[in-house]
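Here's a quick tour of how the inside of this protein packs together. We'll look at aromatic rings and nonpolar cores.

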Amino acid sequence: MEIAKQRGRTAVAAATTGAIAIGGIALAGCSPVTDNASDGFGEDGAVTSGLALASALGGGSTGGDAVIRPVSLASTLSDADPAVGADTTAPTLTAKADVGLSITDADISVYADQPVQVGFKLTNKDTNQPLANQLVKVQVKLPTGFATFLHLTTNNDGYTSYTARVLTTTEITAVFDGTDALQSAVSDNVGTLRVVERPAVSPARGITVNAPTNGDLGSKAVYLASLQAGKPYVYGANGPDSFDCSSLVQYVYRQLGRSLPRTAQAQYNATIHVDPSHKEVGDLIFFGSPGNIYHVGIYAGDGKMWAAPHSGSVVQLQTIWSSSYHVGRVL
């Protein structure tokens, strides 16, 4: 009898690290059944079958059918009668609500650096109700995978948004980490901010895409240059996401139907030379000497010009810093 009790205690101890359901309670990691364990115990005393575990916890068998009594693990460990004072109530697990998370505008076409609103919606799928005051993490796709770059909080409608400005086509997603009552979720769609190039136009058709349709060629050039503000300077870049000084000039005037060479020196050679005191809006401001022009900008009036200045900088409106420069006019 004492041997039987010890064997029963060994089975209970093994059950706490095993994986079998007793009275609705799952015990994780149970040892597998082995063919040579006819009495339900292995050589090390581990439980190897559901029937053996049932017997060890106070169950019995009639013929080939196991009868498992709902007993308390605590009462078994104390050799107490499970029928007296035993708590036979299985713990109640509250199910978490299923959550839906989506990007409201999943595919948006934009021009580079154009501000656009990106929205997210969080709902309780079980009740179809919006989830307010919940944290949503916005992630952007990088070469190494998605990375969180922004945290937003939903409003009373379960909605939140942010203003995006991208220079290249970008993929985003959103993540909800969940709460005690709500499951975690990843947005059921991936948002794409698709950067498209502004349409090329000819002088006969005028400027499209919110550009002014009146005024001369120079004012249109200044307007188009201003749309590139903030884009990074990259030596040798040709736009539309980044520029160097001469590629900015070439890009702007190409949209106006004018074909200019690629380098500042070649652009100086291709334009009509004008006395600096007679310069007009849209004229090109060249720095250096004829035969050795090293920089160019687009004159915006009031002593300023649009230019991509140098590495580490961006396209910007800046003061003409030197009194020594040359002017070229595009016809």
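Predicted model: local features only at pLDDT ≥ 70, side-chain atom pairs only at ≥ 80, totals over all residues.

Buried means under 20% relative accessible area, exposed means over 50%, and partly exposed is in between (1.4 Å probe, protein chains only). Numbering runs from 1 along each chain as its sequence is written, and side-chain values use heavy atoms, with hydrogens and water left out.

Now the rings. The whole structure has six aromatic pairs, counting Phe, Tyr and Trp (its six-membered ring) with centres within 6.5 Å; planes under 30 degrees apart are stacked, over 60 edge-to-face, the rest tilted. Two of them:

| Pair | Centre distance | Plane angle | Type |
|---|---|---|---|
| Phe-149 and Tyr-162 | 5.8 Å | 70° | edge-to-face |
| Tyr-268 and Phe-286 | 5.3 Å | 85° | edge-to-face |

Tyr-268 is buried at 8% relative accessibility, and Phe-286 is buried at 0%. Phe-149 and Tyr-162 also form one aromatic cluster with Phe-120.

On to the cores, meaning buried Ala, Val, Leu, Ile, Met, Phe, Trp, Tyr and Cys residues joined through side-chain atoms within 4.5 Å. The largest has 26 residues, with Val-249, Tyr-253 and Val-296 among those with the most contacts inside it. A second, separate core of 25 residues includes Ile-103 and Leu-182.
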